[in-house]
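Have the viewer open as you read.

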Amino acid sequence: MTTRGATATLLAGHPTLVAIAKRIGVRLLAGVGVLWGAATLSFIALHVTAGDAALSTVAGQGANPTKEVLDQVRRDLGLDQPLYHQYLDYLGRLLHGDLGRSYQQRIAVSQAISEQLGQTVQLAVAAAAVAVLLAIAAAVLTARRRPWRSIASGVELTLSATPTFVIGIVLLIVFSFTLKVLPVSGNDGPRALILPTLTLALPIGAVLAQVLRGELEEVLEQPFILTARSRGMRDTVVRVRHALRHALVQIVTMSGFVVGGLLGGAVITETLFVRQGVGQLMLSAVTTKDIPMVLGLVVFAAFVYVVVNLLVDIAYTVIDPRLVTR
Amino acid sequence: MTSLLEVTGLKVSFHGTTVVDGVSFTLQRGECLALVGESGSGKSVTTRTLVGLPGYGARVHAERLRFDGTDVTGFTDRTWRRVRGARIGFVLQDAMASLDPLRPVGREIAEPLALHTSMNRAARAARVHELLHSVGVPEPEVRAAQYPHQLSGGLRQRALIASAIACGPELLLADEPTTALDATVALQVLDLLGSLKGNSGGLLIVSHDLAVVARLADRVAVMKNGRIVELGDTEAVLQDPQHPYTKALLAAVPSEHAKGTRLSAVERPAASAPVSVPVPAPAGTPVLTAVELRKSFPGPDGVARIAVEDVSLTLRAGETLGIVGESGSGKSTTARLLLGLETPDAGEVRVDGTPWTALTPEQQRAHRRRLQIVYQDPLSSFDPRYTVDRVIGEALGVAGYPRGTRRRDRTVELLEMVALDAGYLRRRPLELSGGQRQRVAVARALAAEPEVIVCDEPVSALDVSVQAQILDLLADLQARLRVAYLFISHDLGVVYHASDRVLVMRQGRVLESGDVRSVFTDPQHDYTRELLAAIPRLTTRSAQPPTPLGVS
């Protein structure tokens, strides 16, 4: 109560902070709703389609467990309970942060995810950074500058239309097999990260560059750009200092697309380069019908989305102060 | 002594289209030259060329283009950058769009200082406060940290001027510096520019409105189609214009003696006596009545703000009632209440004697058709993909015209009423000029054969010459159709010209009302007097009349 009181006093004289706090509060509530929805939908989907979880839990290749064994497993896993009971049970555990135990790996799902997370975060963060930097460089340097504009735009269109695995294979052929400068696969060291990062970053960066350039060209028409240039500022500096910030709003809006692209792309990239990571984990969980693992990963992905969108919302208010005071 | 600016035979073209066609003029130190002309006359491109920023794809050629004796025709971007902001300052119109909306104004003002001086951050901040103070911005420390959208229009424009004069340039270029401002604020900004003239060396001011620049300029250059058609001392140009186009521009300004006459020169041979507009029949029965309207909106902090308080008015068939006031005075809210687009918190609006509230939604729709509106910016009220045919056709559909030849014929008829023709049917809004768009907006309003047209700042976005044509058109249509206008504007000159009676509004209340001539000749309220004093007049500084408009 005292902290809340103190916070309220702190916020009182600051309509801006109050507005931001309100915004974040509303988004947090919505985020909880999204998580609940994701958990529920995937729970339903899996129970409709997954087949016999008990069988897939005990069944190794060609095993033929007795009915007694299967019943025992069902009891242990709570699969003999009515579906709504399983659902409430699942939600209850979720509230306590318990994602359940993997049928296959026989460890806690949260443990399995956290073990693999580091590798994927490395890859995803590196790829996101490369994608955004490439997009910014391509857009700032080529917007409204012919013929560079058309050349860059053509390359971007090709890249965004090419499937991730094709890009990966081409990169492998060029840099690993022909030039032999980078390793083919593995998780060790930054050198092994270069090709997977590029594979993941190029198609995302290409789409971002297209959007960013379009936005930038619109902003460059604005009178305040002319004003800035009339002060004696270099064209490229005007683009970076004045125009880019406006155009970045659009990139921030697209961060949902970026996160989606990174998660989906990670599955393919990690498989292609035989890297450990959440993507691989997801692939094996789906192929072995490891229900708690799939559910856990879906909830985890939804959680990442919610957090990213919350950050995006805060980023908006930092980039565009008009959103708060308007 | 060399001229500050020397321009001879300046030509600028874009992709083969010549926009500036052989412009020549000079500007001395301590002098103010005004470039006057309508949109598309090439005045803005001329100005931009003077800082080496004519625009993308421009080809510039000049026999002579000298700034302070230095030939600038061969300047590279690098050499230009040392001049821009340092020796030549540039003020664009509408500071809302001309200041970066995402940066505090203080940082914008500091930008030229960072580029052209060796001042450190603290010194720049101190200089920004000094500059804001010198352009008349109160509380410079507070204002410097604010964003453009947090400042009023006048303060914004002052901040923009501060950024242009930050490095003490010898030449200041101002392109329509007061166009987006209310009259009283515009006057203050003009006076500020005038006071800067002495220490900034030279001032080149660009405007479509002769009356605006007359106050400031020593000499005037009138531009049309990329050429200067008349150049001379301000007094000579105003008193004894030589070129027919200058005469037309002068005649287009609504003034005390122009009331009841045509403003546009379209159908009138130059130099003939003023042609009277047809006088409408005396006002008839009340068509729209408002009784003690009151409306408040919640502000950003949740506290209700009164937008309209105790407003009563009567609009009779065939008359024009003007509402005049500055931004935020409640004019537009009043209009929305009258149209039934907002529900008053208290009070009542009656259409033909029946209160809005007593009508069923069905009846309200039928009534609403009899009330139409024309907005300031028709571009934003048209679907950009619609053709003129479809814009008007849609309105006719609502008015009960079935699709087919009858609707098509009526569309053409409406276009002819607003002095356009069938050739415009296939055009889209972006392919029309501002004046043509406003004509289409009027035609659309007429489609439903309304009794009342609410004109909300109908000419505020237009050049003076086009404004004159639209005002004439509205007068003609009123005489012909006996439609009543509710004419809302912040421009007193326009309201005086267009209205029979007038309400002066401020902060949601009616300060004064009555016959337009008596309100203007014998204002009862100080605020009305202040507004009247701010009307730009076609007189020079030496011959400034002490009397408000209408007193003779």
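Predicted model: local features only at pLDDT ≥ 70, side-chain atom pairs only at ≥ 80, totals over all residues.

Start in chain A, with helix α6 (residues 109–142) and helix α11 (residues 235–253). Their axes lie 11 Å apart, and the two helices pack at an angle of about 130°. Angles over 145 degrees would count as roughly antiparallel and 65 to 115 as roughly perpendicular, so α6(A) and α11(A) come out as oblique to each other. The crossing of α6(A) past α11(A) is right-handed. On the α6(A) side, the contact uses A:Val132, A:Ile136 and A:Val140, while α11(A) brings A:Arg239, A:Val240, A:Leu244 and A:Ile251. By type, that contact has 6 nonpolar residues, 1 charged and no polar ones.

Now hop over to chain B and find helix α21 (residues 526–533). Its buried residues are B:Thr528, B:Leu531 and B:Leu532. Why do they share a side of α21(B)? Because they cover an arc of only 100° around the axis. In general, an α-helix has 3.6 residues a turn, so residues three or four places apart point the same way. Turn to the other side of α21(B) and you'll find B:Asp526 and B:Arg529 exposed.

Last stop: where the chains meet. Here 26 residues of chain B are in contact with 22 residues of chain A. On the chain B side, α2 (77–83), α3 (95–98) and α4 (105–116) each supply at least two residues, with α4(B) giving the largest share, 4 residues. Sorted by type, the side of chain B that touches chain A has 14 nonpolar, 5 polar and 7 charged residues.

Note on methods
Residues numbered from 1 in each chain as written. Chains lettered and ligands numbered in written order. Axes fitted to C-alpha atoms, helices over the stretch in contact; angles between N-to-C directions. Parallel < 35°, antiparallel > 145°, perpendicular 65-115°, else oblique. Left-handed = near helix turned anticlockwise from the far one by under 90°. Contact = placed C-beta atoms within 7 Å. Nonpolar A, V, L, I, M, F, W, Y, C, P; charged D, E, K, R; others polar. Buried ≥ 20, exposed ≤ 12 C-beta atoms within 10 Å, placed from the backbone. Arc of directions from axis to C-beta.
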